[in-house]
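Here is a guided walk through one protein. Keep the sequence and the model side by side as you read.

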Amino acid sequence: MRVPHLWLGQVAFGLALSNAACECSPSAPESSAAPVAAPSQRYRVDLDPDEHALGGAEPLVTIVVFSDYACPPCARTWKVLDHLVEDYGDDLRVVFRSQTLPGFADGERAAEAALAAGAQGQFWPMHRRLYDTLKFDRAALKADAEALGLDVPRFLDDLDAGVYSGTRIRHRRQAVELGIYFSPVALVNGRPLIGFRDEAAWHALIDEEIVAAQARLREGTARADLYGAVMDAAVTAPLAVDDATAQQRRLLAERFKAAEAPPPQRAEAGKRYAVDAGVAPTLGPADAPVLLVAFMDFECPYCRKAATEGIAELRRRYPDDVRIAYRQLPLPIHPGADSAARAVVAADRQNRFWDFADKLFTAPRLGRRTYAAIARELGLDEARFLADLDSAEVAQVVRDDLVYARRLGLDATPAIFLNGRYVDGFRGAEALAADVATELAHAQERIAAGAARETVVRTILEAEAIPPNQFPSADLHQ
């Protein structure tokens, strides 16, 4: 069995669009005192129970804002919105929605950091700090949490476990349903406003909406029911936009789709690819005639079974003949998988990869507290471990494995290569042992023909395997 995922094109997509938050925002006037020409058509945006909102609980005007913390025009927009809330008081409500670019880890991490701070009652202070600093690495986020007086271990644990990735993804899906692939985009009682606008333009539109809301009150609509009444008449459809914005949206939609699409070409089970261990730690003799490279996700139940049943049995049955390496393939559908991958790499920096990995596969839950507890149990230097967990160097190791997996066209875990021969998924301990026995017999034939035991794996990969420049998705950009 195996676990599929959304596709690792997200890895490269984030790099390609690292500045897209600015580029994606269709042009809007930086300063305009004239009334803004917002469309009269209203689009439905329902509110959720867990919204983060500024202003009144029963306002005349509700603004839902889709924005990205990595987007400077969004930062300027939110400064204007803070002023508007001061100006209009309880008559205005401003609701936050994140619209992050798939695979752009900085923006995604920042959105989840704001939501994690919100769980401790500090959403808006964190929100403002993120826009002020525009720094989203883990060290910066930890410093932000400390400055706000948060429970820092809980905050970091929530980030590592991906507790708020579901909310972030839900926001993105809501945006895409509305045809919003760029930011900032605001819906003012459902009327769309795209791009940055100055305070004068905002006042003109909000004042217009207040007049309409007051007319509804006079007609008998209760103030608490105003937004619901407005939404009852709104449409559920992508925003109507001008031709230039529509063209830009089509381009972005294709990129979003590509980021979540399966690889155009996948590795084929049974074929042999020149897959090596890379910089991954290995377990077993250096001259073992069989190299097993497993691309693993520590939140994948089938990886857990492969490790605790299949690979554990190989370690008992073939202690001298099999060398094992784990490479990292955290799947986007598993919110804690990326942090778990970084945790085992951090443990490897203290030469405890395998002990840590074994314990992580049997841990009841993932997250920073779990990682720290395992580090203490194994006698690691905990401060060093936690620093490595958050380091760019460790994150790069995980990313390199992701890119390598992408070039192979892998879209599921576990992905196991035996002397390069691809075994798609885990079908049980005995099936895996039989595959190893086949490869061992093949290696022994090579040895009998004159290959040295310590070079037989390299001999097989060089003579029989598909080279890296011919991997199924080798031509995809990194």
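Start with a helix. On helix H6, the face turned away from the buried side carries the exposed residues Ala 139 and Ala 147. The model is a predicted one.

Now turn to the other side of H6. This helix spans residues 138-147, and Arg 138, Ala 140, Leu 141, Asp 144 and Ala 145 are buried in it. Looking down the axis of H6, the buried residues fall within an arc of 160°, so they line one face of the helix. An α-helix has 3.6 residues a turn, so residues three or four places apart point the same way.

What do the buried residues of H6 pack against? Their neighbours are helix H4 (105-118), helix H5 (123-133), helix H7 (152-160), helix H13 (337-348), H15 and helix H16 (382-389).

Both ends of H6 deserve a look. At its start, a side-chain oxygen of Asp 137 comes to within 3.1 Å of the backbone nitrogen of Ala 139. After the helix comes Gly 149, with a positive phi near 70°.

Is Arg 368 buried or exposed? Arg 368 counts as buried because its relative accessibility is 6%, and the cut-off for buried is under 20%. Leaving aside residues up to four places away in sequence, Arg 368 touches Arg 138, Leu 156, Asp 157, Asp 160, Leu 386, Leu 389 and Asp 390. Arg 138 is also one of the buried residues of H6.

Step back to the whole protein. It has 19 helices and 12 strands. Of its 478 residues, 55% are buried. Among contacts with a separation of 6 or more, 81% join residues 24 or more positions apart. The protein exposes about 19,500 Å², and carbon and sulfur atoms supply 49% of that area.

Next, the strands. Strand E3 covers residues 61-67. Seven of its seven residues are buried, so E3 is largely enclosed by the rest of the structure. In a regular strand the side chains alternate between the two faces of the sheet. In E3, Val 61, Ile 63, Val 65 and Ser 67 point one way. Thr 62, Val 64 and Phe 66 point the other way. E3 pairs with E4 in the parallel sense, over seven bridges.

Elsewhere, five strands form an open sheet with mixed pairing, in the order E7-E9-E8-E11-E12. Its edge strands are E7 (282-283) and E12 (421-424), and each pairs on one side only. Strands of a sheet pair through backbone hydrogen bonds, either parallel or antiparallel. E7 and E9 (residues 322-328) pair in the antiparallel sense, over two bridges. Which residue of E9 is the bridge partner of Leu 283? That partner is Ile 324.

Charged side chains come last. Side chains of opposite charge can pair when their charged atoms come close. The count of salt bridges here comes to 40.

Take Asp 48 and Arg 170 as one of them, with their closest N and O atoms 3.4 Å apart. This pair links distant parts of the chain, 122 residues apart. Asp 48 sits in the loop between helix H2 (20-23) and strand E2 (53-55), while Arg 170 belongs to helix H8 (residues 165-177). Arg 170 counts as partly exposed, at 29% relative accessibility.

Asp 91 and Arg 223 also meet in a salt bridge, at 2.6 Å from N to O. They too link distant parts of the chain, 132 residues apart. Asp 91 is in the loop between helix H3 (72-88) and strand E4 (92-98). Arg 223 is in the loop between helix H9 (199-218) and helix H10 (226-232). Asp 91 is partly exposed, with a relative accessible area of 27%. Arg 223 is partly exposed as well, at 29%.

A further bridge lies within one helix. The side chains of Arg 316 and Glu 313 meet at 2.9 Å, N to O. Because they are three residues apart in helix H12 (residues 301-317), about one helical turn separates them. Arg 316 counts as exposed at 57% relative accessibility, whereas Glu 313 is buried at 18%. Finally, salt bridges with shared partners join Arg 272, Arg 421, Glu 439, Arg 446 and Glu 464 into one network.

Technical notes: Residues are numbered from 1 along each chain as its sequence is written. This is a predicted model: local features need pLDDT of at least 70, side-chain atom pairs count only at pLDDT 80 or more; totals for chains, interfaces and linings use all residues. Side-chain values use heavy atoms; hydrogens and water are left out. Buried means under 20% relative accessible area, exposed over 50%, partly exposed in between (1.4 Å probe, protein chains only). Contact means heavy atoms within 4.5 Å. Helices (H or I, at least four residues) and strands (E, at least two) are DSSP runs, numbered from the N terminus. The arc is that of the directions from the helix axis to the C-beta atoms. A polar contact is a pair of N or O atoms within 3.5 Å; within protein, one must be able to donate a hydrogen and the other to accept it, and residues adjacent in sequence count only if both atoms are side-chain atoms. Accessible areas come from the Shrake-Rupley method with a 1.4 Å probe; for residues, only the protein chains shown count as cover. A salt bridge is a side-chain nitrogen of Lys or Arg within 4 Å of a carboxyl oxygen of Asp or Glu. Two strands pair if DSSP finds at least two bridges between them.
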